[in-house]
Amino acid sequence: MNIRYRVTLTTDERLHLETMIQRGKVAVRRIKRAQILLAADQGSSDETIASNVAVGTSTVYRTKQQFVENGLERALSELPRSGAPRKLDVEDEAKLCAVACSAPPSGRAHWTLQLLADEMVRLTVHETISSETIRRRLGEMDIKPWQKKMWCIPKVDGEFVARMEDVLALYAEPPDARRPVVCFDETPRQLIGEARVPVRPEPGKRARSDYEYVRNGTANVFMFVDVNRPWRHAKVTDQRTYLDFADCMKDLVDIHYPEAQRIRVVLDNLSTHSAGALYDRFPPAEARRILDRLEFHYTPKHASWLNMVEIEIGVMVGQCLDRRIPDKATLVAEVTSWEKRRNAERAQINWMFTVERARVKLGRAYPQPTDQPARAAA
């Protein structure tokens, strides 16, 4: 016998349901049941309600049935669902957490879902555990044993702090065209060509390129960034030796800042970034002339993030170099076009990290001053 349930809401019930839907701060299922009851109260058919609320007609029928037989709150509430109990109890989940956070078995680089499932079978009374059960439990505990994040923790000593604050104080100085501040660094690039001609995209079809590629050697991109004006310059070279570094410093003095009295250069403390490189590249008088116009400020070890040019290199890689570039000529053309557009847009880095913020953020890591007198050298 097909029973038809008729929904008739009181004024208070109707107001309660309308307010619930308008606020939208309850579960979606509860809102859908409220919409079903309101529509049924207005005389809509089950098929019409199901279509408008985006549910099945059986859901409409059960909601109306619960309202007629058990009242409004029971019609809106989620009934307990049938199904098998959870495979792993609290103690089993604690074991899973401990295993997933431990070292993987010998001969394996990391835990997999199947390895964890096999290990849990060995450690618990369960005869079988699926990898899907392991995946759901790890997701609930927000554990991802197959992922690894690497970082470098610098040693924050007096030398680190001195170099950091020197660079940050340099960034905070007011602009001075006679004494510009320029950040300098480089990034190596692989020259990679296509083994087969890529297929261009068409309506409804994505572009396609062959997985195979051709190695055509390497190149290097030196990057200059002015701290106080929207200017950057990228120079492509075959290598990044100390001789290339010396040529870049000469370009900085003679081409990019010929009118500057002294150029403050922020750079990493690499072996090629030295004043001696200029004496190896040029005659002594020429090397001295260039160095008299330069002032090097080195970032601390493992703190290249203090060099503003790192941000600009990341932008260049993301906007221009994140693709296959087959040869040096193409690399030069593409980098030059990117540089012109970037300078024309007057893009500039808004540096926010200051000496004051460093002392607050890294205050606990700062070396503590001592009152003990230093021992005299023998």
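Predicted model: local features only at pLDDT ≥ 70, side-chain atom pairs only at ≥ 80, totals over all residues.
1. S4 covers residues 263-267, and five of its five residues are buried.

2. Now for the neighbours of S4. Three bridges join S1 to S4, and the two run parallel. On the other strand, S5 (residues 294-298), five bridges link to S4, again in parallel. Val 265 is a handy residue to look at: Val 182 stands opposite Val 265, and in S5 its bridge partner is Phe 296.

3. Helix H14 is worth a look next. H14 runs over residues 328-344, and at 1.5 Å a residue its 17 residues should span 24 Å; the end C-alpha atoms are 24 Å apart, which agrees.

4. Which residues of H14 are buried? They are Leu 331, Val 335, Trp 338, Glu 339, Arg 342 and Asn 343. Seen down the axis of H14, the buried residues fall within an arc of 125 degrees, so they line one face of the helix. On the other side of H14, Ala 329, Lys 340, Arg 341 and Ala 344 are exposed. The cover over the buried residues of H14 includes strands S1 (181-194), S2 (213-226) and S3 (232-237), along with helix H13 (309-321).

5. Finally, the ends of H14. Asp 327 caps the N-terminal end, with a side-chain oxygen 3.4 Å from the backbone nitrogen of Ala 329. Just after H14, Arg 346 takes a positive phi of about 55 degrees.

Technical notes. Residues numbered from 1 in each chain as written. Heavy atoms only, no water. Helix = DSSP H or I, 4+ residues; strand = E, 2+ residues; numbered from the N terminus. Expected span 1.5 Å × (residues − 1). Buried < 20%, exposed > 50% of the residue type's maximum accessible area, 1.4 Å probe, protein only. Arc of directions from axis to C-beta. Contact = heavy atoms within 4.5 Å. Polar contact = N/O pair within 3.5 Å; in protein donor to acceptor, adjacent residues only side chain to side chain. Pairing = 2+ DSSP bridges.
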